[in-house]
Amino acid sequence: MEFEKRKAATLTSLRSEVTDKSPKGTVDTPIIPLLDVINRHRDYFTTSSCSGRISILSQPAARRVSKKKASGGAWLYISHDPADPDSVLDLVFRRRSDPTRNELRDDDHDEVVFRFEPLIVAVECRDLAAAQVLVSKAIASGFRESGITSSNKRVIIAIRCSIRLEVPLGSSREIMVSREYLRFLVGVANEKFEANRKRTDAFLEALQSESGGFVAAPPAGGSYYNALPGSNGAPGCSSLSVVEIEVSGESEENLYLWGHSACALENNAENGVLVFGGFGGMGRHARRNQPLLFDPLSGGLRVIRVGSGPSSRLGHTACLKNEWKLVECSGDVFPPRHRYAAAVVGSKLYVFGGLNNDAVTSSLHVLDTDNMQWTEIHVSEEGPCARHSHSMVASGSQLYMFGGYDGEQALGDLYRFDTQTSKCRWKKVKSSGRSPHARFSHSMFVYKNHLGVIGGCPVRQHCQELAILDLRLCMWRHVKLESTGEDLFIRSTANVVGDELVMIGGGASCYAFGTKFSKPMKVNLLPLKLRDDNFKPLVREVHIDQIDIMKSEKRRQEQVQSSKTLTGAPDLNFKSEVTADGIGQHADAYWVLKLEKKYAKIGKDILKKFGWLDLARKAYSVEGGLHICFPVSAKFSDVLKENQHCMANLFEGQSDHIHKPAIGAKCLIDELTCSKALDILKECGATMLVDEVVEIKKTAKSPLKIMSEAVASLLKDKDLPAGLLEELPTRWERLGDIVLLPVTSFKNPLWDSIAEELWPVIAKSVNAARLSRQGRVASNGTRDSTLEILIGDNGWVDHCENGIVYSFDATKCMFSWGNLSEKLRMGSLDCRDEIVVDLFAGIGYFVLPFLVRAKAKLVYACEWNPHAVEALRRNVQANSVSDRCIILEGDNRTTAPQGVADRVCLGLIPSSELSWATAVRALRGEGGMLHVHGNVVDSEENLWTKHVSKSIAEAARSQGHCWEVSIEHLERVKWYAPHIRHVVVDVRCRQAQK
């Protein structure tokens, strides 16, 4: 009988909506079929498991000599799938050079260990005979270290093998192995992972091949593997076909777009997708503003004729309305932006992030389309970082946001926002399976219970893969897209029409993709639905993110009784008394359910299952740990009242004919009704008590909230006006360990009177070691920074970007965030046999990408700002490229070399024209490439490029060169000001044909 009770409780916890104590918090997806088979046998149930993992652990060095007690440690990396070598190398080497990352801490001496650990499953058996049967099957399948670990009160066996790996990499202060060796280790671990998988599959087949009481696992079409109907059933081998849509009516070239918007029509009158704006289209590629209606079923495309509408644009979003109309909105200020994400829930439009000139934002605004009023939502906890080029979709009342670009790197995080809860907060989604790679300029969609992510940058990793999140299980899987063409789903749109995913447009993105456009495509999503039909597993993989946070509604008892048991008449009369935050004001308004410790687990699972557990309060033990008190919600009290009649009959002795449920295998939590759950709690001797402890869980506060409260208290103490709080910054930037407050913050002279007390308060609230306030770039020739250090000894910072370390004094040198795409473009060039001259080197903005990424043979770096030269010397040393860089201090018109360069960079804005002749002199006799930067009015780009070409040709002739000068590419880097864009033109100079 005790075995059945333990099995029922364990299986209940496996299916409960709560994370376990493992680092991952859930059952590993690859072994769910194996656990299902074992747990369906009447003689066995699993108590713990791991499918196998590759990990990097930082552990105290003292652990090597002390065996009495574990000294702790931290997981730096953990994967239950084969590891990606690049991700591991990025963690161990690249991130170590970034002080803002704390995975490898330099302030301690932990040893860093690389590990592979194979499958291990602990199984409790009914008796020794049953244990011996399962151990023999495990050993025969290759798990030769399997055996009985306990046979006293409980018979426990461990299923395991010896194909493990453990290699020290060094310490948190210094990694002692090379990148090549670590890549080799990852390869060895992945091979062991494959061997482990084969043994696991063999063990599962052995259990299914004989009767012996074992039940076959569900077929692949309904299992938790990545297989779809029609595939071979192996994990990760599923695929969907991408079919090109034949377009009729208007020309197909109208749909050669990127950065447009598209909405699926949801009425019976018209079927299709409404497309607006974007870059591309018929004839000369440009920004568009014509509405198009596309029917993906017939392929029909027509232009919708409108009298007037929005201006040409891209990087926008749209939802459906009947007509174009310029709307005047009220409420909070909604700053202009592009490359943001938007989603609709009911009559409300939610907008997050985006770019406003060079500023990347993290604000969340909502537009109520009933009254056309904007509201900025201030989140209560730390939310997603500022980003652009991300995607956001709505599923019911939930918003889901994935990926984007934060100005430094692509992002791969998934957040959820519940639009119906009173707590305004983003929540990072915890999921199982391999998460999608970090990306931006991708597309998202929702189909049935699935969230899909497709396309995006970088292209090489995932343009032919569809990542799918099961929203019920919070589990990722990946589907290969079978296509005959080279689809480029970058800044494309994804709309679900019926059971088909319609992809329109996509192509040239922020850099180096030219004018490549994708044709309209469609993908049949019906296999996703068929795969999930008719299967309900015994072992569920659950996450806390599957649970919608329930609104806390507390009730106050009108007539308080000191103790009420479920075996007494539940004549409870409650009177509602709820405060603004949903928690009653008096301690006697709270109730707990007391259970014996041996019944605590099943009692807690029942309370969680039905939403009866009050998650805002803490459970605690009483009577020396013999009993556990669980806080219960007002919902539980309501249930007691609703069931008091039938329960009273039981309590009055009229229950002899009613069978009392046993706490055994038949009482699995998913099969329980409300009344049966109350019966189980009664049988366990549950007692209702007034909560005399009332220990409320603390809610984390956002840095902005902490800052506001602390500064408000300071202002009150100093008798200063509370209106000064309006000057508190809502956003700030970080450079290394320096927090940069915006130039507009704390401008009132009254702040100066409390500066000595103010700045430590601000620094503490934003968790900054050093604090500064931004200033405008000086208008002198060297464009010095005017940053003001508020807390800290100096302004030297180390900033890591794309694996390159930039060190500079932020008070003397500016750092350009908006040039990242151009730095990436220069770094992607192949300059292995080239000599490069950078006429405006600065701290090494382009010098370092040429040396570190493009592998230039030699770079001449010209710079006349002595502060920048100092930083540049440090940076070439820090990035180990000083042997390939010659720094020339002074005016480049006198210091630049002549006749040596294959490539010249002129990275000065607003104009580098004074050094164009210098650049021509620097090129070799046969010519080369010039990268000319400038600020240009957007309507005059063609005039400017012609001027550049003509001026370079004239300079070449004056130097006696007979060159053909041509424009190879125009790169639009960023908006510098309204209608003024920072652009780069690639000018090719080559010897003219005689």
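**Loops, cores and ring pairs in a predicted model**

Me: S441 lies in the loop that runs between β28 (426–428) and β29 (443–447). Why is S441 called buried?

Reply: Buried stands for under 20% relative accessible area, exposed for over 50%, and partly exposed for what lies in between, with a 1.4 Å probe and protein chains only. S441 has a relative accessible area of 4%, so S441 is buried. Phi of S441 is near 60°, a positive value in a residue other than glycine. The strand labels are DSSP runs numbered from the N terminus: helices are H or I with at least four residues, strands E with at least two. The model is predicted, so local features need pLDDT of at least 70 and side-chain atom pairs pLDDT 80 or more, while totals for chains, interfaces and linings use all residues. Residues are numbered from 1 along each chain as its sequence is written, and side-chain values use heavy atoms, without hydrogens and water.

Me: What makes R339 buried?

Reply: The relative accessible area of R339 is 17%, and the limit is under 20%, so R339 is buried. R339 belongs to the loop between β18 (330–331) and β19 (341–345). Although R339 is not a glycine, its phi is positive, at about 55°.

Me: What makes a set of residues a nonpolar core?

Reply: Its members are buried Ala, Val, Leu, Ile, Met, Phe, Trp, Tyr and Cys residues, joined through side-chain atoms within 4.5 Å. The largest such core has 52 residues, of which I56, F114, V123, I159 and L182 touch the most other members. Helix α5 (residues 179–209) supplies the largest share of this core, nine residues. Apart from it lies another core, of 37 residues, with A810, F815, I843 and L851 among them. In soluble globular proteins, nonpolar side chains tend to be buried together.

Me: Which residues does V123 touch?

Reply: Contact means heavy atoms within 4.5 Å. Leaving aside residues up to four places away in sequence, V123 touches I38, Y44, F45, T46, T47, L134, V155, I156, I157 and I159.

Me: How do you know that the buried residues of α13 line one face of the helix?

Reply: The buried residues of helix α13 (residues 755–765) are A755, L758, W759, I762, A763 and S765. Seen down the axis of α13, they fall within an arc of 165°, so they line one face; the arc is that of the directions from the helix axis to the C-beta atoms. The buried residues pack against α12 (703–717), β44 (738–741), β45 (770–773) and β46 (788–791). Exposed residues E756 and K764 are carried on the face turned away from the buried side. Just after α13, N767 takes a positive phi of about 55°.

Me: Why is the pair of F143 and F203 called edge-to-face?

Reply: Rings of Phe, Tyr and Trp (its six-membered ring) pair if their centres lie within 6.5 Å; planes under 30 degrees apart count as stacked, over 60 as edge-to-face and the rest as tilted. The structure holds 16 aromatic pairs. The centres of F143 and F203 are 6.0 Å apart and their planes stand at 65°, so this pair is edge-to-face. F143 lies in the loop between α4 (128–140) and β6 (147–151) and F203 in helix α5, so the pair ties together parts 60 residues apart in sequence. F143 counts as buried at 0% relative accessibility, and F203 is buried, also with a value of 0%.

Me: What makes the pair of F610 and W612 stacked?

Reply: Their centres are 4.8 Å apart and the angle between the planes is 20°, under the 30 degree limit, so the pair is stacked. F610 is buried at a relative accessible area of 15%, and W612 is buried at 1%. Ring pairs also link F352, Y415, F417 and W426 into a cluster.

Me: What makes a charge sit over a ring?

Reply: NZ of Lys or CZ of Arg must be within 6 Å of the ring centre and within 35 degrees of the ring normal. R981 lies over the face of W975, at 4.0 Å from the ring centre. K609 lies over the face of F610, at 6.0 Å from the ring centre.
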